[in-house]
Amino acid sequence: MWDTIFPYLLSGVSVGGQYALIAIGYTMVYGILRLINFAHGDVFMVAGIIMVYLAASGLPLWLCIPLVLLITVAVGFLIERAAYKPLRSAPRMSVMISAIGVSYTLQNLVLYITGGLNKQYPTIPGISDTISIGAAKTKVVTVITPFLVIALVVALVMLINKTKIGMAMRAVSKDFETSQLMGIKINNVISATFIIGSFLAGVGSILFFTNYPTVIQTSGAMPGLKAFVAAVFGGIGSIPGAVIGAFIIGIMENIIKGLDVILFKLGVISQPVGLATFSDAFTFALLIIILIVKPTGLFGEKVTDKV
Amino acid sequence: MNQKKSKTPMIVTLVLVAAIYVAVFIAEQTLPATSMLFTVLKKGAVYALVAVSMNLLNGFTGIFSLGQAGFMLVGAYVYGIFTIPVDQRASVYQYFDGGIVQFTVPVVVAMIMAGLAAAFFAFLIGLPVLRLKSDYLAIATLGFAEIIRAIFQWNGLGPVTNGSNMLRAFPNFNDFNIRDASGNTVVYLSTLIPFIIAGVCIALIMLLINSGYGRALKAVRDDEVAAEAMGINLAHHKRLAFCISSFFAGVGGAMLAMYQTTVQAKSFTSAMTYEILLIVVIGGIGSVTGSVFSSFLFVACSEWWLRFLDEKQLIGDFEVPLLRTGFRMVVFSVIIMIVVLFFRRGIMGDKELPDLLSRRNKTKGRAAK
């Protein structure tokens with residue numbers, strides 16, 4: 001039984017780690033701007049496309065990776081400056097619509113550049129190699145991901161708790177206007193948030209697309225939505241919450257993907273019933289359950305609405 | 001608001017609308033049926049209905065729902081399932097022994113069933129979801145649309161929904177054309193009928209918006225607490241708006257099925273909802289006329305007027321750079337972003353056509369388009 005479940009568990013942990021890196025971007029932006037950044041999943045996809053083109057241009061891979069991260073950060077920064085900053089005093093819905101517009105624009109831009117074709121993600125030596133752990137055969141990246149994620153999260157939590165910019169971020173997410181009055185440069189803090197979020201999405205895209213090596217303009221949509229669900233699940237605004245939520249969602253999703261096989265081998269069912277179709281739907285079912293039972297998520301703070 | 005309005009603008013509007021219908025009818029009889037104009041008009045009519053139904057929620061009730069594609073999917077499937085001719089079912093449901101539904105209902109009945117089914121789904125979904133606020137509600141409805149999509153693609157339901165295979169062979173817009181015995185088309189109605197269906201539905205929505213219920217919905221949008229204090233039952237009104245909007249989204253889905261002539265669950269993605277939302281925003285959140293205008297504009301731009309951007313263009317000997325497949329959509333999305341960022345009120349703001357006319361009449365302005 002363990003041998004049947006283990007491979008799915010392993011890829012679940014890996015995918016969960018990749019979702020976690022995206023989810024942090026969502027949760028930080030939401031914590032500060034109260035905005036669901038619908039374009040974040042597309043930033044993740046753009047990072048993948050940039051990698052494809054950089055690698056195709058003949059640059060050595062050790063140069064490509066930092067360049068990808070740099071450009072992704074620049075993209076995230078520019079999106080905030082161009083599409084969200086002008087709407088700082090607008091109603092929240094306008095900003096959300098703008099985010100949807102950015103998502104639409106990025107997808108169309110990539111469609112134009114790639115011609116709508118699947119692009120093959122370059123193989124990165126070292127992390128694309130196959131290894132076997134027990135009965136499961138997998139890529140090195142699967143094993144690296146959770147450790148890398150934990151390292152990055154620890155670094156991020158340190159940044160938020162120990163540095164000045166981190167303190168400013170916490171202040172802004174507590175009370176936007178008061179912190180502005182206290183002399184915090186809101187725009188710098190927001191930019192920093194977007195830079196961190198995009199950087200992590202960039203790292204996430206390198207890990208994710210090494211495992212699922214085709215990139216197309218829509219490949220950011222689903223991981224983006226799932227990472228957002230993870231952020232809500234863990235309590236939006238909370239980084240550890242987002243990470244734990246992402247791991248839970250990643251693992252559950254992969255187990256459901258393999259549920260037919262698992263149940264078949266256990267002898268519960270005699271023929272496949274196609275439960276894998278529901279691996280995406282499950283994530284959203286989880287979202288709706290958590291929103292009804294505990295709308296603030298696992299680690300979220302309780303907010304009261306003032307009239 | 002209570003000042004006595006002159007009736008003239010209303011009458012002018014009705015005459016204009018009637019004139020548009022006559023123009024559509026005449027154009028259809030005279031122009032070749034393959035003209036791009038008709039594609040735009042048909043798809044525009046479908047999108048107009050769906051956009052208005054979304055506007056009823058987002059613009060008039062203040063419920064920011066992103067589930068429209070899911071309800072359209074329900075409508076499209078219900079329509080397809082109940083109208084595929086019995087003798088075609090064996091080939092459509094080839095992997096499921098012809099399916100289990102072995103009868104058909106008339107097109108009109110199927111469309112109403114499509115709406116009712118979507119409204120029923122909305123009722124179920126609304127029970128948990130409508131208790132949520134703003135962006136949580138948006139993401140939860142988006143999630144439900146994805147769940148609906150997964151359910152309809154599930155092979156376990158294959159005998160009804162044909163699993164992940166497409167539904168086809170059901171009556172489409174072209175079947176409205178009147179043919180003579182030898183199969184030649186005598187009267188073209190394939191564009192007029194969608195116009196009439198969408199028109200009737202939009203008129204019903206307008207009637208609702210201008211009724212006491214509509215005013216209650218606007219009160220809910222403007223201030224929930226105040227509305228509740230005035231004795232408006234929040235839960236009831238939100239649920240009502242959600243179900244009615246979904247009913248028309250379902251009918252719109254059925255029309256989309258007719259327009260596309262095939263239905264497949266995987267095409268009803270969140271991207272479709274986003275497109276409809278952008279149409280509503282461009283037209284002006286809270287304006288039915290705006291949604292209708294911008295639907296036709298949106299479809300015309302994306303399908304027709306900006307087509308030249310997708311092909312190589314020569315000015316003299318100079319080849320214009322950047323022009324190739326997909327550039328149209330880039331230009332298009334940039335235009336949308338400009339509207340979203342700098343013209344946040346959209347084309348019409350929250351005004352309707354009669355409002356515009358009455359102002360123009362006063363200032364002796366040029367006649368409305």
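Entry 1, a charged pair in chain B. I looked up Glu146(B) and Arg149(B), whose side chains meet in a salt bridge with an N to O distance of 2.6 Å; this is a value from a predicted model, and I read it as such. Both residues lie in helix H6 of chain B, which covers residues 134-153, and they sit three residues apart, about one turn of the helix. I noted the general point that an α-helix has 3.6 residues a turn, so residues three or four places apart point the same way. Are the two residues buried or exposed? I found Glu146(B) to be buried, and Arg149(B) is buried as well.

I then searched all chains together, and the search returned nine salt bridges. One of them joins Lys226(A) to Glu253(A), with 3.3 Å between the closest N and O atoms.

Entry 3, where chain A meets chain B. I asked how many residues each chain brings to the contact, and the count is 45 residues from chain A and 46 residues from chain B. Ile97(A), Tyr104(A) and Tyr112(A) supply 20% of the area that chain A buries against chain B, more than any other three residues. The area buried between the two chains is about 3800 Å², and carbon and sulfur atoms give 77% of it. I looked for salt bridges across this interface and the rule finds zero, while for polar contacts it finds two residue pairs, both at pLDDT 80 or more.

On the side of chain A that touches chain B, the elements giving two or more residues are helix H3 (61-84), helix H4 (92-114), helix H9 (221-234) and helix H12 (278-293) of chain A. H4(A) gives the most to this side, with 16 residues. By residue type, I recorded 34 nonpolar, eight polar and three charged residues on the side of chain A that touches chain B.

I compared the length of helix H8 (residues 192-209) of chain B with expectation: its 18 residues, at 1.5 Å a residue, should span 26 Å, and the end C-alpha atoms are 25 Å apart, which agrees. Its buried residues include Leu192(B), Phe195(B), Cys201(B) and Ile209(B). The buried residues of H8(B) pack against H1, helix H2 (36-61), helix H5 (107-129), helix H9 (212-222), helix H11 (234-260) and helix H13 (288-305) of chain B.

I made the same check on helix H1 (residues 8-30) of chain B, whose 23 residues should span 33 Å at 1.5 Å a residue; the end C-alpha atoms are 33 Å apart, which agrees. In H1(B) I listed Pro9(B), Thr13(B), Val24(B), Ala27(B) and Glu28(B) as buried.

Arg34(A) lies in the loop between helix H1 (2-33) and helix H2 (40-56) of chain A, and at 34% relative accessibility Arg34(A) counts as partly exposed. Ala169(B) likewise has a positive phi, of about 75°, although it is not a glycine. Ala169(B) lies in the loop between strand S1 (167-168) and strand S2 (178-179) of chain B, and with 30% relative accessibility Ala169(B) counts as partly exposed.

How values were computed:
Residues are numbered from 1 along each chain as its sequence is written. Chains are lettered from A and ligands numbered from 1 in the order in which they are written. This is a predicted model: local features need pLDDT of at least 70, side-chain atom pairs count only at pLDDT 80 or more; totals for chains, interfaces and linings use all residues. Side-chain values use heavy atoms; hydrogens and water are left out. Contact means heavy atoms within 4.5 Å. Buried area is the accessible area (1.4 Å probe) that two parts lose on being put together, summed over both. A salt bridge is a side-chain nitrogen of Lys or Arg within 4 Å of a carboxyl oxygen of Asp or Glu. A polar contact is a pair of N or O atoms within 3.5 Å; within protein, one must be able to donate a hydrogen and the other to accept it, and residues adjacent in sequence count only if both atoms are side-chain atoms. Helices (H or I, at least four residues) and strands (E, at least two) are DSSP runs, numbered from the N terminus. Ala, Val, Leu, Ile, Met, Phe, Trp, Tyr, Cys and Pro count as nonpolar, Asp, Glu, Lys and Arg as charged, and the others, Gly among them, as polar. The expected span of a helix is 1.5 Å times one less than its number of residues. Buried means under 20% relative accessible area, exposed over 50%, partly exposed in between (1.4 Å probe, protein chains only).
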